[in-house]
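Dear colleague,

Please find below the structure that I am handing over to you. My notes on it follow directly after.

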Amino acid sequence: MNMKELFVCECHDNHHMVVVSIYDCQKHPPEFSISVTADCHLVWYRRVWAAVKYAFGQPSLSWHDVLLSEADVTRLQNCISHYGKIKTALDQHQNPVP
Ligand SMILES: [Zn+2]
């Protein structure tokens, strides 16, 4: 079963969020994906300037922290646990113990 959870930073800034997705491919190992938001809040000319700087080797990428609440840490643990269960079930299906 697929799973998707949104985690918003404790500071409540909409730019500080991640989405954790687990895709149960059933015949392949499950995929565990962490999607981060992009800096798309710049006005158009600043985005063009950032693109020009990137083209000439000066990436302007910035990283933000996402501070998780205790409840979100538990939800993240549940995501990891869900991934582990899918992976274990697939491994047992593909390599049954005699
Ligand atoms: Zn934040």
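Helix α2 (residues 70-94) lies across β1, β2 and β3 and runs at about 155° to β1. Here contact means that the C-beta atoms of two residues, placed from the backbone, lie within 7 Å. Axes are lines fitted to C-alpha atoms, for helices over the stretch in contact, and angles run from 0 to 180 degrees between N-to-C directions. Helices (H or I, at least four residues) and strands (E, at least two) are DSSP runs, numbered from the N terminus.

This is a predicted model, in which local features need pLDDT of at least 70 and side-chain atom pairs count only at pLDDT 80 or more, while totals for chains, interfaces and linings use all residues. Residues are numbered from 1 along each chain as its sequence is written. The pLDDT is the predictor's confidence in each residue, from 0 to 100. The protein chain averages 85, and 91% of its residues score at least 70. Confidence is highest in α2, at a mean of 94, and lowest in helix α1 (residues 44-55), at 82.

The protein chain holds two helices and three strands, which follow the pattern β-β-β-α-α along the sequence. The three strands form an open sheet in the order β1-β2-β3, with antiparallel pairing. Its edge strands are β1 and β3, each of which pairs on one side only. Neighbouring strands of this sheet are turned by 15° against each other on average, direction ignored. Two strands count as paired if DSSP finds at least two bridges between them. Between strand β2 (residues 17-23) and β3 there are six bridges, in the antiparallel sense.

On burial, a residue is buried if 20 or more other C-beta atoms lie within 10 Å of its own, exposed if 12 or fewer, and partly exposed in between, with C-beta atoms placed from the backbone. Buried residues make up 3% of the 98 residues in the protein chain. Strand β3 (residues 31-36) is hardly covered, as the count of buried residues among its six residues is zero. Helix α1 lies largely in the open, because the number buried among its twelve residues is zero. The end C-alpha atoms of α1 are 16 Å apart, which agrees with the 16 Å that its twelve residues should span at 1.5 Å a residue; the expected span is 1.5 Å times one less than the number of residues.

H12, in the loop between β1 (3-8) and β2, has a positive phi of about 65° although it is not a glycine. H12 is exposed, with 8 other C-beta atoms within 10 Å. Q26, in the loop between β2 and β3, likewise is not a glycine and has a positive phi of about 65°. Q26 counts as exposed, with 11 C-beta neighbours inside 10 Å. Just after α1, G57 takes a positive phi of about 90°.

As to overall dimensions, the radius of gyration of the protein chain is 19 Å, whereas a compact globule of 98 residues would have one near 13 Å. This radius is taken over C-alpha atoms, and the globule rule is 2.2 Å times the number of residues to the power 0.38. The C-alpha atoms fill a box of roughly 65 × 35 × 15 Å along the principal axes. Of the contacts with a separation of 6 or more, 46% are between residues 24 or more positions apart.

With kind regards
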